[in-house]
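Here is a short briefing for a first look.

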Amino acid sequence: MAIGYLNGKIISSSDPVLPIDERGHQFGDGVYEYIRVYNGRPFMMDEHMNRFFKSAEAIKLNLNHTPDEIKDITADLIGRSGLDDCDVYMQATRGIAPRNHLFPNVPASISMTVKPFRAMDETLRENGASVKLLPDERWQNCWIKTLNLLPNLLAKQEAFEAGAFEAVLVRDGVVTEGSSSNIFLVKEGVLITPPATKHILHGITRIAVLDIASELGISVDEREFAPEVILEADEVFLTSTGIEIVPVTSADETKIGTGKPGAVTEKIYEAFMKRV
Ligand code: PMP
C-alpha cells in the first residue's frame, strides 16, 4: 500500500497536507531523492544519502537529521507499506513561512512517499529508445538535485511531442545528460560518459555502471563530447534509478550503430540486474 510521511507523521500518500505558504510549493526551495527498493531493500542507499545531504548543504538547508535517521525513517516506511518492489521519493524544503525570498528561521520540512514501483515499458529495453537533442537551458549547478526542474520538464515534453523517449541536452557544444538520466556511449569497446562536473547530476546509476565497467574490464573514458559523436557511436544508453539502463537506438531520427541494443549495453545491464 502506498504510504506517506511528513515531519514525523505517517500519512496517506494522497493527503493534502501542505499549507500554501510552503517554500517547496512556492519557490521549489528544496532538494529531493528518488530511490528504488528491490526485494524490500533500498538500492545504493548510502550513495543516495550522500547526495541528499550534499544537495541540502549546497542550498544552505539544514536537514535537522543525520543520514542514519533518514535511513531509519525510510526503512520504517517501507516496512509499513508492505511493499517489496517500490519507489521512495523524499524531499526536504526550507519549511513553512510567509512568502519572502529571504530564508525564514523555521525548521526544514521533510516529506516522503513509498509507492508501488511504476514499471516502464519493457519494449524500450528490448528495441531501444529514441532521443532528441535539445539545448541545455538549465542553471550552472545541475549537480544539486533541487526541486527546480522546469527546464528538464520542458525539454522532456518537447522530446515526447517529437516522438522521442528522452531529451539529451547540449550545453556550449557538448552533451551533458538526459532531462532525467545520464548518458553513456560505447565506441570501439570504450565506455564514454561526460565527466561529473557541476553541469550534470551525479547519477547513482551512473556510479553503479562505472563500477560494473571496471569489474568487467571495460575501459572507461569520462570526457566531454559533441552531439555528433552520439550519431557515430557503436552503442548509446541512458541510466537512471527509474529506468535503470535503457539502450538508445536512434537520435534525432538517425539510427545509432546497428539500430539494435548493443552487446556491451546488454552485458552491463545483466551485471546491474545481478546487483539489484
Ligand atoms: N540526470 C538527471 C537530470 C536526473 O534527473 C536523473 C534522475 N534523478 C539522473 C541524471 C539519474 O540519476 P540517478 O541514477 O541517481 O537516478
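A polar contact is a pair of N or O atoms within 3.5 Å; within protein, one must be able to donate a hydrogen and the other to accept it, and residues adjacent in sequence count only if both atoms are side-chain atoms. This is a predicted model: local features need pLDDT of at least 70, side-chain atom pairs count only at pLDDT 80 or more, and totals for chains, interfaces and linings use all residues. Residues are numbered from 1 along each chain as its sequence is written, and side-chain values use heavy atoms, with hydrogens and water left out.

**Asp221**
- The side chains of Asp221 and Arg223 are joined by a polar contact of 3.2 Å.
- Asp221 counts as partly exposed because its relative accessibility is 31%, and partly exposed lies between buried (under 20% relative accessible area) and exposed (over 50%), with a 1.4 Å probe and protein chains only.
- Leaving aside neighbours within four places in sequence, Asp221 is in contact with Val190, Leu191, Ile192 and Thr193; contact means heavy atoms within 4.5 Å.
- Asp221 and Thr193 are 28 residues apart along the chain, and their C-alpha atoms are separated by 6.6 Å.

**Ligand site**
- A ligand nitrogen atom is 2.5 Å from an N or O atom in the side chain of Lys145.
- A ligand oxygen atom lies 2.8 Å from a backbone N or O atom of Ile204.
- An N or O atom in the side chain of Thr241 is 2.6 Å from an oxygen atom of the ligand.
- On its own, the ligand has 390 Å² of accessible area, and the protein covers 94% of that (Shrake-Rupley method, 1.4 Å probe).
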